[in-house]
Amino acid sequence: MSHAADAEVLVRARGLTKRFGDFTAVDGIDFSISRGEAFGFLGPNGAGKSSTMRMVGCVSAPTSGELTILGLDPVTHGPAIRARLGVVPQENTLDIELTVRENLLVYGRYFGLPRSVIRARSATLLEFVQLSDRAGDQVDPLSGGMKRRLVIARSLINEPDILLLDEPTTGLDPQARHIVWDRLFRLKQRGVTLILTTHYMDEAEQLCDRLVVMDAGRIVAEGSPRALIGQYSTPEVLELRFDPGDHEQAAEKLTVLPAGTAERLEVLADRVLVYTRNGDEALAAVRGLGLEPLTSLARRSTLEDVFLRLTGRRLDD
Amino acid sequence: MTAGATRAAPAAPPPADGANGAGRANGGARWSFALREFRFWLTDYRRTWRGSVISSVLGPLLYLGAMGAGLGTLVNRHAGGTLGVPYLDFIAPGLLAATAMQTAFGEALYPVLGSVKWVQNYFAAAASPLRPADVFRGHLLFVTLRLAMNCGIFLALIAAFGAVRSALAILALPAAVLTGLAFAPALMGWAVTRTRDTSFSVLMRFLMLPLFLFSGTFFPVTQLPGWLQPVAYVTPLWHGVELCRTLCLGTTDLGGAAVHAGYLLAFAAAGCVFATRSYRRRLNE
């Protein structure tokens, strides 16, 4: 997905680095994010996504490199930048003994907003995240998905220019995740600039116009989800499961498949992945070798496959 | 940035941090930021104020009743006037200063750890325009309010027990608050760096309790073994006790009071410097 070359750049990083003692969490990364974009940092735990996010959120100073947010330097203008950011942190940081509405009130006050403004915005925001009927309730008994939606409402109380979301749906059940995605998608449709980290490839595919794949503090690839899949994977993947005893042997036999059928093989602990143009054709070719897998699944390539290709590891490893 | 300028900014961007010399002009903004954190604590306190006020009244009542009226009768009979005043009058201002210290421990340890570990409200605040120093100051302001409440109630009860011997006693309120402030900032700066509360009970048992017992609260430190007396003199609590006591008994001399107050202020100031740094390290790592 291309974006206008002259679009206003809201975040620009060059050689951005964060070290904690001897440990390099973020290792000289470059990226820029334009207004209206939904930009993602995809990678496994420990890839440096959250450290990057904390630097963009102006709560952690870069060790070296350049970082400009909304045209300002976070080291000297942290409060001015943070006044224009909305933050959904990895942990909810809600006061669970206060009510839903009180949580919005205390947070809105951090931004110096008058009570009347907070009250008016709270009503709209709670409507948006479908929590209006819980406004007067304590936060404690709310479900994980509701708390997450409340944090999203809270992050919008200052009408931010940029919304930062650190692992927005980690720990939520599938239904709750879909509700959160739906709300975030609506924000994106309204033109809100979203920056998110995730280790869920489906989340990245659903929400991001453009993303960078991070591993061990570095950016290993950048592009739209579709472009990354096109560049680093085949259109389809055939997943084969064999009897655990025959697994290695079967994988060995598959190596004779012609390149036109199987461009690449990945042997995982429990499955063999055959990267191919056409999964059904590949399965026929596998059977032609006299192999009969216990189960087989032909599917489209995902960002998970891109990550596997780039790093040799799975995202949830 | 043209598009950004035409958008309704949610809050007027404050000037740059003090790093580039804007510190002084920024003073008003700093305190207004700290007030935002203070208001969080007020909202939070609305939940628990009843219980806390009740214990602020009951605690002193029990102490003044048991120690002053009960134990005091015995002491008055046997001490032969060595204290120069009834035991209740002697002990009440000491307990006032000790209450300030206990309030400081109570408000500066668990609530601060909870703010980074359980409720995590410090991190919520740090994501907003507030700086770690604002978060610290705002919370310290609330701790100061709690000190003033507890010490005010205590002082009123001392007066009700008839143990006040001078109009200067009204100054024992700021003196007691200052005593608490000699402890609170340092404790907050330490608690914010903790990840568990296990060390808190150790601190209360082996620091707060000995201070409570041996800083002249219950008996003059001249009763301590000679080698221990200098230890008592360097503790902030002893200075707080002396200041409160001389004010309540009307035996204050200006020089002595200035030394005590200066000593307490120095502790408070050093604690603030320490806490400002440790808050920054913890919230902006």
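What covers the buried residues of α6(A)? Start the tour there. This is a predicted model: local features need pLDDT of at least 70, side-chain atom pairs count only at pLDDT 80 or more, and totals for chains, interfaces and linings use all residues. Residues are numbered from 1 along each chain as its sequence is written, while chains are lettered from A and ligands numbered from 1 in the order in which they are written.

**Stop 1: helix α6, chain A**

Select residues 174–189 of chain A. This is helix α6, with 16 residues. (Helices are DSSP runs of H or I with at least four residues, strands are runs of E with at least two, and both are numbered from the N terminus.) From first C-alpha to last, α6(A) reaches 22 Å, close to the 22 Å expected at 1.5 Å a residue. The expected span is 1.5 Å times one less than the number of residues.

Now pick A:R177, A:V180 and A:L184, which are buried. (Buried means 20 or more other C-beta atoms within 10 Å of the residue's own, exposed means 12 or fewer, and partly exposed is in between; C-beta atoms are placed from the backbone.) They cover an arc of only 70° around the axis, so they sit on the same side of α6(A). The arc is taken from the directions from the helix axis to the C-beta atoms.

Show α5 (144–155), β7 (193–198) and α7 (201–207) of chain A: these are among the elements that cover the buried residues of α6(A). Then turn to the face away from the buried side. It carries the exposed residues A:Q175, A:D182, A:R186 and A:Q189. Just after the helix, A:G191 has a positive phi of about 95°.

**Stop 2: two loops, chain A**

Go to A:C58, in the loop between α1 (49–56) and β4 (64–69). Its phi is near 60°, a positive value in a residue other than glycine. A:C58 is buried, with 27 other C-beta atoms within 10 Å.

Next, select A:A216, in the loop between β8 (210–215) and β9 (218–223). Phi of A:A216 is near 50°, again positive in a residue other than glycine. A:A216 counts as partly exposed, with 14 C-beta neighbours inside 10 Å.

**Stop 3: a helix pair, chain B**

Select α4 (residues 87–108) and α11 (residues 236–249) of chain B. They pack at an angle of about 135°, with axes 8 Å apart. That makes α4(B) oblique to α11(B). (Under 35 degrees is roughly parallel, over 145 roughly antiparallel, 65 to 115 roughly perpendicular, and the rest oblique.)

How values were computed: Contact = placed C-beta atoms within 7 Å. Axes fitted to C-alpha atoms, helices over the stretch in contact; angles between N-to-C directions.
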